[in-house]
Every structure is written in C-alpha cells, then in structure tokens.
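Dear colleague,

Please find the structure below, followed by an account of what was found in it. I would be grateful if you would read the two together.

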Amino acid sequence: MEKSIIDKILKAGKIAQELRRYAREIIVRDKSLFEIATLIDAKIFELGAKPAFPVNLSINEIAAHYTPSFGDTFVAQGLLKVDIGVQVDGYIADTAFTLDLDDLPENKKLIETAEAAVTASVNEFKIGKKLTEIGRVIGETISKKGFTTIVNLSGHSIERFVIHAGWTVPNFDSGQTDILEEGLYATEPFVTNGHGRVRDGKNSGIYRINSEGVVRDNFAREVLAWMSDEFQTLPFASRWIHAKFGSRGLLAIRQLEQAGVLYQYPQLVEISGGKVAQAEHTVLLTEDGEKYITTRE
Ligand code: MN
Ligand code: MN
C-alpha cells in the first residue's frame, strides 16, 4: 500500500475522531434528529472531507440504518447509536458509538459491553489471524456480560469508494475460513438484551445506485447524473437530494427507485424488540505489520 494512500486513510480516520467528539457535544435528549444529522453533515465538509454514508441515528431496537429524511420529526432519546462515515478521496473511516439518553443502568451496561467487545476485537487484529477467531472473541465478550451478540450483523472489509467490500468480520464464531491480510476493515459488535437477530424494517431514506438502468424523465436523469458524480457507489440520504433539488428531487428518487436504478436500504430492527448498542472502529493492517485503529484517539 502506497504511503499516499495510507495518509488519506489516516486523514479520514482523524476527521472521524473529531466527528465522534463533535457528535457527543451536540447530541442532547429531545434535539431533533434532522438537526443533529444536518450539523454532522456540515461538520464533515467543514473539516475537508465528505460523508462516506449518511450518519445513522438509530434508537433502541433499531440496530442500524435510520437516518432522518426531510420532514422527519423524531428527536434524540433512548439508546441512540451514532454511526459516522467519512471519506477522503474515496478512502473511508467508519465508526460508531452509543449514547444512553434515558439514563438507565441497563443501557449503560449494553454500551459498556459493546465497547468491551470492540476493544477486544481490535486487539485481536493481525495479519494471519482467522476472522472466525475475531468473531469468537467478540461473541465471548458479549455473552460473559450476560447479553447476546447480533449474529446477522457484521463488520466488513473496506475498499476505495466501497463501504462493504468482500469480507465479513463476524460478531460470533462463524466458522469462516478467511484469514486477515493487508487491508482496511471495520469491526462493529452489536449487543442486545433481545434475541440476537435483526429483520428488515421500514424504509430508511438511505439509497445507493444499484444499476445503470434507464429512466425516461429528463429531470430524473439529471438527478441521477449528479448522484453518480457526487456519491459514486457510496450510500446517500434523500435529505441531501432534497437540499440540492427540492421536492422535485424526491419525486426523481421515487422514479429511479421504481425503475430499479436506486436501491433503498431497509431499517434493521431487532426481531424481539430488544434494545441494541453498537461500537465500531476502522482498522488498517499494512504489509509491514503495522496496525492503525484509524478512528480511535
Ligand atoms: Mn458504521
Ligand atoms: Mn461499518
């Protein structure tokens, strides 16, 4: 891996660290999720980067993939996962933490467990290590504290402009035979007091370009060209399209989604309604044996 690439990966990580601090500062109970997301988006640009995906602000049993759309009236409360993505020239940092806005001992225990699991995970990262071993350590850390790991959510390898690249970083002893090699990875344990699986929920307002399909409408084509230029293969929020094109932009999204050109992610909800905490860091392993936890101070 060239030094110039490593530098961009580390720069994205540094900016993500600042965003973690900033998000903790600005998020208070009953503040609008739309306002929080808009402030976080703006801060990423202010620091010289771009979002790698819309900030996820998922509450309680929603494990992931909640981002406010234009007109959203929900406010910060409960067990709130804050999952932030930053990219510098396509090189990504992906990081998450959880806040307890209800001041409940159970929430605090879930958060501590997610943090313990991500720390145990990053400590295991090393070229040559089996990914199933990482998953085993995460799963054991969680079960020792009396909670359950979510088995159908996982970390992932990361490539330039690709947030979920080929490999899975499991949250339990999955038996997969892949062995860590040089590269960029996100590890993200999800901890629950519920059953330990997620199902697809409502629409998220998070999209990505799915195929180079055809729409006849000229304006929809114009919006698509802008999306493609701006986000490439990365996820984006409908609120960003609204900010750029107004309500016509939202109509264009609907047309593009119906034509199969856009894919909309569903929210991911714990199947038994259990509360979910998440912690995530991005890890860079280089050929010469260096390890950087890019998103950790
Ligand atoms: Mn993430
Ligand atoms: Mn991730």
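**Salt bridges**

Asp89 and Lys8 form a salt bridge through their side chains, at 2.8 Å from N to O; the term denotes a side-chain nitrogen of Lys or Arg within 4 Å of a carboxyl oxygen of Asp or Glu. Asp89 sits in the loop between S3 and S4 and Lys8 in helix H1 (residues 3-26), so this pair ties together parts that are 81 residues apart in sequence. Helices (H or I, at least four residues) and strands (E, at least two) are DSSP runs, numbered from the N terminus. Asp89 is partly exposed at 38% relative accessible area, and Lys8 is likewise partly exposed at 30%; buried means under 20%, exposed over 50%, and partly exposed in between (1.4 Å probe, protein chains only). A network of salt bridges links Lys8, Asp89 and Arg160.

Please note that this is a predicted model, in which local features need pLDDT of at least 70 and side-chain atom pairs count only at pLDDT 80 or more, while totals for chains, interfaces and linings use all residues. Residues are numbered from 1 along each chain as its sequence is written, chains are lettered from A and ligands numbered from 1 in the order in which they are written, and side-chain values use heavy atoms, with hydrogens and water left out.

The whole structure holds 14 salt bridges. Among them, Arg136 pairs with Glu133 at 2.9 Å, N to O, and with Glu140 at 3.0 Å between the closest N and O atoms. Arg136 and Glu133 lie three residues apart in helix H4 (residues 131-144), about one turn of the helix. Arg136 and Glu140 are four residues apart in helix H4, again about one helical turn.

**Manganese site**

The manganese ion (ligand 2) is coordinated at 2.1 to 2.2 Å by Asp94 (OD), His156 (NE2), Glu188 (OE) and Glu280 (OE). Donors are N, O and S atoms within 2.8 Å of the metal (3.2 Å for Na, K and Ca); water is not among the atoms, so sites may look incomplete. Glu188 lies in the loop between strand S8 (183-187) and strand S9 (190-192), and Glu280 in the loop between strand S13 (276-278) and strand S14 (281-285), so the pair ties together parts that are 92 residues apart in sequence. Glu188 is buried at 6% relative accessible area, and Glu280 is buried at 0%.

Asp83 and Asp94 are both buried.

**Domains and their interface**

The domain assignment, from an automatic or database source, gives domain 1 (3-200 + 268-293) and domain 2 (204-265). Their C-alpha centres lie 25 Å apart. The contact (heavy atoms within 4.5 Å) takes 20 residues from domain 1 and 15 residues from domain 2. The domains bury about 1500 Å² between them, 62% of it on carbon and sulfur atoms; buried area is the accessible area (1.4 Å probe) that two parts lose on being put together, summed over both. On the domain 1 side, Pro54, His65 and Phe161 lose the most area to domain 2, together 37% of what that side buries.

Two salt bridges cross this interface. Glu230 also forms a salt bridge with Lys50, with the closest N and O atoms 3.9 Å apart.

Yours sincerely
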